[in-house]
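Open the model in your viewer and show side chains. The stops below say what to select and what is there.

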Amino acid sequence: MVAEYLIEDLARIPVEVEYASEFRYRNPIISEDDVVIAISQSGETADTLAAIEMAKERGATIFGVCNVVGSSIPRATHAGSYTHAGPEIGVASTKAFTAQVTVLTLMALQIANKRGTITQSRFRALLNELETIPSKVEIALKSNDKVKEISALFKDSRNFLYLGRGYGFPVALEGALKLKEISYIHAEGYPAAEMKHGPIALIDEEMPVVVIATKNSSYEKVVSNIQEVKARKGKIIAIVTEGDVDVRKMADYTIEIPETDDILVPLVSVIPLQLLSYHIAVMRGCNVDQPRNLAKSVTVE
């Protein structure tokens, strides 16, 4: 989903995000002019492999983004990129997510550059900004102690709601996914504006709401969503840009991350969410690396 936003935003090419398991069982419209990007940490995901074969039969060009060198998906695709994140021992991938988003960001930038849909100055500025991401991730990791304190307060919660807008929405989904995978707490990720179309009914003083509220074009709208949650006594945990004052006044807890260009925010804002899941899971006595009922690689339907 991050790649969808990136490629459409920068390269102006329409993108559809598909679950491989759904893609293969419907009658998708695929032509010889299409590129299908297959993303898999293990390179052995059964549904993704089947979807690749189906798209190949219809003449599409298949590009794989995988971590494991020599695995089945790289062998089945026409071209691709290894993320080289190193062995991912835990079932709930963290560094694999970051590496995949980085590769897809580079792809979006390069496509945009070749199509001329981005100025040279913007292209160079984003590449320079991408170079700073490792140091910004390092700074984000320093929030660990604060995240641990927040985790202790919410480790017994039964539900969590994660909200984000724009590039923050896929990050909200990732945060919710990690929490449910390793701590076994029910969690939902939602576009912040859609909260009013359902999940707002769940909000009370028992409901922690994690909001990606970094400074961007939809910042004022996110602030408005936070006010709506506060009016219903929800507990706000906000991921904010360093130096933020507006959200800090409203949120119950804030976690700061370094200021980053909007399109690269997912790489930094996801870090505190992954730490939150980790600490809550440990405090609940869960096996962080091998969550119950999950397998490292889903090799059967």
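Select Thr214, Lys215, Thr241, Ile257, Pro258, Glu259, Thr260 and Val265: these residues line the largest cavity of this predicted model. The space inside the largest cavity is about 40 Å³. With a threshold of 30 Å³ or more, the count is one cavity. Its lining is made up of three nonpolar, three polar and two charged residues.

Next, select helix H7, residues 144-154, and colour Val147, Ile150, Ser151 and Phe154, which are buried. Turn the view to look down the axis of H7: the buried residues fall within an arc of 105°, so they line one face of the helix. An α-helix has 3.6 residues a turn, so residues three or four places apart point the same way.

Which residues are exposed on the face of H7 turned away from its buried side? Select Asp145, Glu149 and Leu153 to see them.

For the last stop, select helix H5, residues 95-115. At 1.5 Å a residue, its 21 residues should span 30 Å, and the C-alpha atoms at its ends are 30 Å apart, which agrees.

Notes. Residues numbered from 1 in each chain as written. Predicted model: local features only at pLDDT ≥ 70, side-chain atom pairs only at ≥ 80, totals over all residues. Heavy atoms only, no water. 1 Å grid on protein atoms, 1.4 Å probe; cavity = no way out; pocket = protein on both sides within 12 Å on 5 of 7 lines; lining within 4 Å. Points joined across faces, edges and corners; volume = space filled by probe spheres on them. Nonpolar A, V, L, I, M, F, W, Y, C, P; charged D, E, K, R; others polar. Buried < 20%, exposed > 50% of the residue type's maximum accessible area, 1.4 Å probe, protein only. Helix = DSSP H or I, 4+ residues; strand = E, 2+ residues; numbered from the N terminus. Arc of directions from axis to C-beta. Expected span 1.5 Å × (residues − 1).
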